[in-house]
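Let's take a friendly walk through a protein model, stopping at a few places along the way. Have the sequence and the structure ready to look at.

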Amino acid sequence: MDIDQQRDTPTQESGHQIILPGDVLPDIIHVIPQENRPFFPGQALPLLMNAEIWLPTLKSIQDRGQEVVGLIASRTALSESPSPDELYAMGTVCRIHRVQRNDDHLQVIVEGLQRFRVRRWVRRELPLVVAAEYFPEHSGPGSTAIQPQEVKAYAVAIINTIKELIPLNPLYGEELKVFLARFSPNEPAVLADFAAGLTSASKAELQDVLETLPLLPRLEKVLELLHKELQIARTQMEIREHVEGEIKEHQREAFLRQQLSFIEKELGISKDDKTAEIDEFTARLDLLTLPDAVLTKVNDEMKKLAVLEPGSPEYGVTRNYLDWLTGLPWGIQSDDCQDLDLAAEVLDRHHEGLDDVKQRIIEFLALGIMKNDAAGSIVLFVGPPGVGKTSLGRSIADALGRKFYRFSVGGMRDEAEVKGHRRTYIGAMPGKLIQAIKDCGVSNPVIMLDEVDKIGSSHQGDPASALLEVLDPEQNSAFHDHYLDVDFDLSKVLFVCTANQLDTIPSPLLDRMDVLHLSGYLADEKLAIARRHLLPRQLTHAGLKQRGDLRIDTAALKRIIDGYSREAGVRQLEKAIAAVVRKAVVKLLHDEPRPIRVRASNVEEYLGQPIYRPEQLQRGIGVVTGLAWTALGGATLSIEATRIHERGAGFKITGQLGSVMQESANIALSYVTANAAALEVPPGFLDDAFIHLHVPAGATPKDGPSAGVTMAVALLSLARGQAGRADIAMTGELTLTGAVYPVGGIQEKLIAAKRQGIKEIILPAANERDFAEVPEHVREGLTMHFVDTFTEVVALVF
């Protein structure tokens, strides 16, 4: 179909439209639904359709010899086969001017003629056909004079509103030009339809205008839509002007800055970024004392930076390298405290007990005062968790008046964490030690390496081996970081390391450290720590006053220590005190009278049932108390032996014992069996007895040689049918010849014995030197027996 005709419609002087015979609209017309918006009379627009669906409808129109089609808006989204129920009842009959097919689409140019209403549906399936009722407009250019004044006023208001819209959106002006080329502005009906089509109103609002046949109400609705459109256009204009204003302001500011920069350069007032950075690095160098090799390296890098372009990747690498080199405190040291009494006061204020550790720090400080040159040192604190190893390192820094830096090496698997990355890698950085020196701003800080017993290793290297250079006083004066690629002097640094045990620390690394043992605290020491440190800290955290809001009696603190905190450190004790403080805060907020008082009798109200019950030392045949060392401190072990039956000799060991401890048990049985007569064992007892040896508690893994003597005494007690003394504890390694060898962890074991109320201890004679090094407050009240052979042990126990 290609209908491309232009018709001029003659009109009479009176303004009434003359319908030529060929222009009479048919009663039966085809209908095409419109999904987006209603189509108004007077509009001339191209429509894009699916050729497969709508080409049959257009051919049917052509076959009928018609050039008109009805366009009706759909109520909802159109389906592939639209039904009459989806469409409105009112639409616009349009003349078809041209139909052109492009592949799967049809482009149809139509012109709106009149409103029509569906009287009835002739065909309810595609192609859709209806019987139409038309509503022609009886107004023309000459009818303005006879129009009511209200209609004229509305028409003028619509024209004025359109004039206001044109400056806000130029598209309205183009639409108006097309309208004026085809119609006269003195036709209110056509003007109303044109104005409605001009807006972005919703489909329902436009359909309401289309279905409004009286002219005056239609003009009212169109004017309302135009006012809404005007408000939207003004808002959009304000937003656009605001955004454009900000953009222009930024552009103006950038332009002025560029001009200012150019003027300053011409006058020699300012420098570009590269020159400014070079000057900054030079200014830093004036405050530092660099070794000759480092100064030469810096000068070479500065020359390289001066010729590089700021946009090149090498520029960024060189700039960062110089930033690190000039940011380190070459030759800058802090002054150490020269007052030994003040240093001792700081250590005593922060920690209870630990006299040997404090004495070691005072000795280090005294050497520095005497030489007027405090050299670095490497100290290793070994002890169970919660005994104050980390906080002691900070106290050392305070006592010396030095900067403090701490980082944990536990789980570290990459040696680059210690010695840095080579600059060939993207994102390379110095190691942690160089970063610590830079952060502290001095070359002699106190650096704490926490958890050195938990360093890992992987395919990326062994950090423990990398620490050998760091912690060797003979080597760390020229520590070579991979990133810096120059030597840095770490000999003035005081390194403080912490560990829970020595077994997992490599021997070459351990050999470079001064080892100080923190064995744990007795009940009296815990009480003093709780009263002077833990309780005030928790009250401060909670915002309470010690005397005015909460009072915890000394007896209550003792009850907490005995029933809820028997570990070597004070971490669990602090948690228990924190729980008491929290519950006291809740009571205070419920307006209970102040102060809240916690007595020994009501501790369980705050903490529940005690975790630890008073332990009664076991006694009886085959039961002996031994002493053991664990990562959490010392402990007492009641080793038990019993005879199961006499049907055949046998030996069973339980209690999650390690290989060394199992060997000790077998050695003990072998010794007692081989020396049965000398040990007064009844003849034949061990020949047929099946013996079971158990070391409680079964869920705790145990290992080590120090229980050999205790196991032998338990087996001898069973064989002789004689109970040993219950008020004595022992430790020592036993050999097949009956010799008693020394063991470790003496201080921790003595603390565990005192905690259980045991006053008499049997130790190997070779451990007498270790006992002498135990603090006096731990040795006080203990009766010691130092033995060389097992027969001496038997004489003391039985």
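On the surface, Glu52, Glu80, Asp103 and Asp104 gather in a patch of negative charge. Such patches take residues with over 30% relative accessible area and no salt bridge, joining like charges within 9 Å. A salt bridge is a side-chain nitrogen of Lys or Arg within 4 Å of a carboxyl oxygen of Asp or Glu. This is a predicted model: local features need pLDDT of at least 70, and side-chain atom pairs count only at pLDDT 80 or more, while totals for chains, interfaces and linings use all residues. Residues are numbered from 1 along each chain as its sequence is written, and side-chain values use heavy atoms, leaving out hydrogens and water.

Glu52 sits in helix 1 (residues 51-63); helices are DSSP runs of H or I with at least four residues, and strands are runs of E with at least two. Glu52 counts as exposed because its relative accessibility is 71%; exposed means over 50%, buried under 20%, and partly exposed in between, with a 1.4 Å probe and protein chains only.

Now look for rings. The whole structure holds five aromatic pairs, where ring centres of Phe, Tyr or Trp (its six-membered ring) lie within 6.5 Å. Phe771 and Phe786 form an edge-to-face pair, 5.8 Å centre to centre with 65° between the planes; planes over 60 degrees apart count as edge-to-face, under 30 as stacked, and the rest as tilted. Phe771 belongs to helix 25 (residues 768-772) and Phe786 to strand 24 (residues 783-787). At 14% relative accessibility, Phe771 is buried, whereas Phe786, at 24%, is partly exposed.

Technical notes. Patches are made of residues with over 30% relative accessible area and no salt bridge: like charges are joined within 9 Å, nonpolar side chains (Val, Leu, Ile, Met, Phe, Trp, Tyr) within 5 Å. Accessible areas come from the Shrake-Rupley method with a 1.4 Å probe; for residues, only the protein chains shown count as cover. Lys and Arg count as positive and Asp and Glu as negative; His and the chain ends are not counted. The place of a charge is taken as NZ of Lys, CZ of Arg, CG of Asp or CD of Glu.
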